[in-house]
Amino acid sequence: MMYKVYYQEDKKEAPVREKTKVAYIEAESVREVRLMLKERNYNIEYVGALTDAHLEYERQNEDFTVLEH
């Protein structure tokens, strides 16, 4: 399943909408996504599963890239 992760690049950074970044990760669960990102020191705001329709929409964005762990 594909997940969309909203995050800040530094755990010490307060969440600010304008600085929020997005990553796409293929994993079996939200827990697995969090474990994959654990060593990157991200302040994860939200992890959401993408439906097939939502994933197709996201793929149309030129910035769509799946994060490799």
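Ile-44 lies in strand β3 (residues 43–49) of what is a predicted model, in which local features need pLDDT of at least 70 and side-chain atom pairs count only at pLDDT 80 or more, while totals for chains, interfaces and linings use all residues. Residues are numbered from 1 along each chain as its sequence is written, and side-chain values use heavy atoms, with hydrogens and water left out. Strands here are DSSP runs of E with at least two residues, and helices are runs of H or I with at least four, numbered from the N terminus. Ile-44 counts as buried because its relative accessibility is 18%; buried means under 20% relative accessible area, exposed over 50%, and partly exposed in between, with a 1.4 Å probe and protein chains only. Neighbours within four places in sequence aside, Ile-44 is in contact with Val-5, Tyr-6, Tyr-7, Arg-34 and Leu-37, where contact means heavy atoms within 4.5 Å.

Helix α1 (residues 30–37) comes next, with Val-33, Met-36 and Leu-37 buried. Seen down the axis of α1, these buried residues fall within an arc of 90 degrees, so they line one face of the helix; the arc is that of the directions from the helix axis to the C-beta atoms.

In helix α2 (residues 52–59) sits Glu-58, which counts as buried because its relative accessibility is 6%. The side chains of Glu-58 and Lys-4 are joined by a polar contact of 2.8 Å (a pair of N or O atoms within 3.5 Å; within protein, one must be able to donate a hydrogen and the other to accept it, and residues adjacent in sequence count only if both atoms are side-chain atoms). Beyond four places in sequence, Glu-58 is in contact with Lys-4, Tyr-24, Leu-50 and Phe-64.

Tyr-24 and Phe-64 are also among the residues lining the largest pocket. A pocket is an open set of points on a 1 Å grid over the protein atoms alone, where a 1.4 Å probe fits, with protein on both sides within 12 Å along at least five of seven lines; lining residues have an atom within 4 Å of a point. Strand β2 (residues 21–26) gives the most to this lining, with three residues.
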